[in-house]
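Here is a short report for a first look. Keep the sequence and the 3D view open while reading.

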Amino acid sequence: MPVSSDEDSFERVVLPHLDAAYNLARWLMRDAEAAEDVLQEAMVRALTYFASFKGVNPRAWLLQIVRNTAYGSMALHRGVEMVPIIDDSGEAIAELVSADDDPETALLRTRESRRVRELIADLPVELRETLVLREFEEFSYKDIAEATQTPIGTVMSRLWRARQLLARAAEAEGLA
Amino acid sequence: MSDIRSEPRPRCDKVLLVQAELDGELDAAQAASLEAHRAGCPICQAAQTELLRARELLRGEAYETVPDDVRTRVMARLQLPERRPEPVRRWNWRWLRAPSIGFGLGAACAAALAFLVVLPQRGDLADAVVADHIRALQPGHLEDVVSTDQHTVKPWFDGRLDFAPPVRDFAADGFPLKGGRLDYLDGRPIAALVYQRDKHIIDLYVWPEGGVAARLAGDTAIQGYNVVHWTAGGMNFWAVSDVERGQLDEFAALWRKGP
């Protein structure tokens, strides 16, 4: 293990992407507890293999580990129904509501927001992960292709299908 | 949402370019040429409307930042002593098992079976095996035949391969058989047996030996996956998993011990 300077320590390079790692794990697993398990395991794995990381994009590297860990976990639990990502307490939802909204608008936004999250959670997992990486992480097509080990053309058609499913479902339900 | 059908392929082959433009993936020249097409293509115009609607839905939506208590537990976990792989100890293990040293781990391991190839570099094949393992973890790819019964899995392979892979279940030893699938490695169809160890999947790839010793790597670790290779009874065996090295070695030892 070579001595690493502060600038390229695990803490400086990888830990800033902990939120991204959790976000992906949460959306892939659709369950807070399962997501934490995946996050824990992925971070240990990332730390263990950090010495061999030579790339320029630590976030894509970390998310690739998270993804592989999540798929490993899903492979074990295949067939087991996961609890939807929606938090019953509504607390997470409440944070999304802007203070500027009047109560009626706020309630409407909350309901819509909840439903959109359910629609995302219902997407097939390969569409969901592509959408999450693009929309939440703002990954380029190339980064998504790398993180998901998928050809760029497939990334593009998955994104298209994910967005189309969302848009049509929302339209069918009269969501704004 | 299962009642809603998406089109597997867009009806105009420029639709994905419309999307690419919205995602900022096109340069100016590409965007200009797309604009010329879109002006006269109702399919692309409709697609753009749909894509903008999807974007609007997702605006400001649901980024899951890590909760404080989860962060605390992760940080605590990362302080564990098993922070780094220990190459020195691994080498010792390998030397212990190398036949040239003159003793095995026990009588059971002796003569008949499995000489680990002691080459430190990792081969193309090891990379291919790990890549296949990762691919197999994707939804729907893990098992073609799902059965914990070796007497179901073994005949399933019979009609599908030009060799009869050995199939064994080690449930009693903590490595239950989950199923099997066909894969393609080393330029030929091969058998992949799927095992489970606690919360981990182990893929065991089996195919007849083909005189490619120069390409065989020793035990290694790639992208966080441990790889163990051995040969026995005229077959190549490659075990790949994210279980700890020691457990994968235990799994390999069970196999090498013979029926």
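## What counts as buried

A residue is buried if 20 or more other C-beta atoms lie within 10 Å of its own. The model shown here is predicted. With that cut-off, strand β6 (residues 225–232) of chain B is mostly covered. Of its 8 residues, 6 are buried.

## Chain B overall

Chain B has 259 residues, and buried ones make up 30% of them. Its elements are 8 helices and 7 strands. Take the contacts in chain B with a separation of 6 or more: 56% of them join residues 24 or more positions apart.

## The strands around β6(B)

β6(B) pairs with strand β5 (residues 220–222) of chain B. The sense is antiparallel, and there are 3 bridges. B:A221 stands opposite B:N226 in β6(B). β5(B) and β6(B) form a hairpin with 2 residues between them. In that turn, B:Q223 has a positive phi of about 50 degrees.

β6(B) also pairs with strand β7 (residues 235–241) of chain B. This pairing is antiparallel too, over 7 bridges. Here B:W230 stands opposite B:F237 in β7(B). The hairpin of β6(B) and β7(B) has 2 residues between the strands. There B:G233 takes a positive phi near 55 degrees.

## Where chain A touches chain B

How many residues of chain A are in contact with chain B? The count is 50, and they touch 41 residues of chain B. Several elements of chain A give two or more residues to this side, among them α2 (18–29), α3 (32–49) and α9 (152–172). α9(A) gives the most, with 13 residues. By class, the side of chain A that touches chain B has 28 nonpolar, 10 polar and 12 charged residues.

## Two helices of chain A

Two packed helices are described by the angle between their axes and the distance between the axes. The axes of α2(A) and α3(A) come within 8 Å. They cross at roughly 135 degrees, so α2(A) and α3(A) are oblique to each other. The crossing of α2(A) and α3(A) is right-handed.

Which residues make the contact? From α2(A) come A:A21, A:Y22, A:A25, A:R26 and A:M29. From α3(A) come A:A32, A:A34, A:A35, A:V38, A:L39, A:A42 and A:M43. The contact of α2(A) with α3(A) has 11 nonpolar residues, no polar ones and 1 charged.

Definitions and conventions: Residues are numbered from 1 along each chain as its sequence is written. Chains are lettered from A and ligands numbered from 1 in the order in which they are written. This is a predicted model: local features need pLDDT of at least 70, side-chain atom pairs count only at pLDDT 80 or more; totals for chains, interfaces and linings use all residues. Helices (H or I, at least four residues) and strands (E, at least two) are DSSP runs, numbered from the N terminus. A residue is buried if 20 or more other C-beta atoms lie within 10 Å of its own, exposed if 12 or fewer, and partly exposed in between; C-beta atoms are placed from the backbone. Two residues are in contact if their C-beta atoms, placed from the backbone, lie within 7 Å. Ala, Val, Leu, Ile, Met, Phe, Trp, Tyr, Cys and Pro count as nonpolar, Asp, Glu, Lys and Arg as charged, and the others, Gly among them, as polar. Axes are lines fitted to C-alpha atoms, for helices over the stretch in contact, and angles run from 0 to 180 degrees between N-to-C directions. Angles under 35 degrees count as roughly parallel, over 145 as roughly antiparallel, 65 to 115 as roughly perpendicular and the rest as oblique. A crossing is left-handed if the near helix is turned anticlockwise from the far one by less than a right angle, and right-handed if clockwise. Two strands pair if DSSP finds at least two bridges between them.
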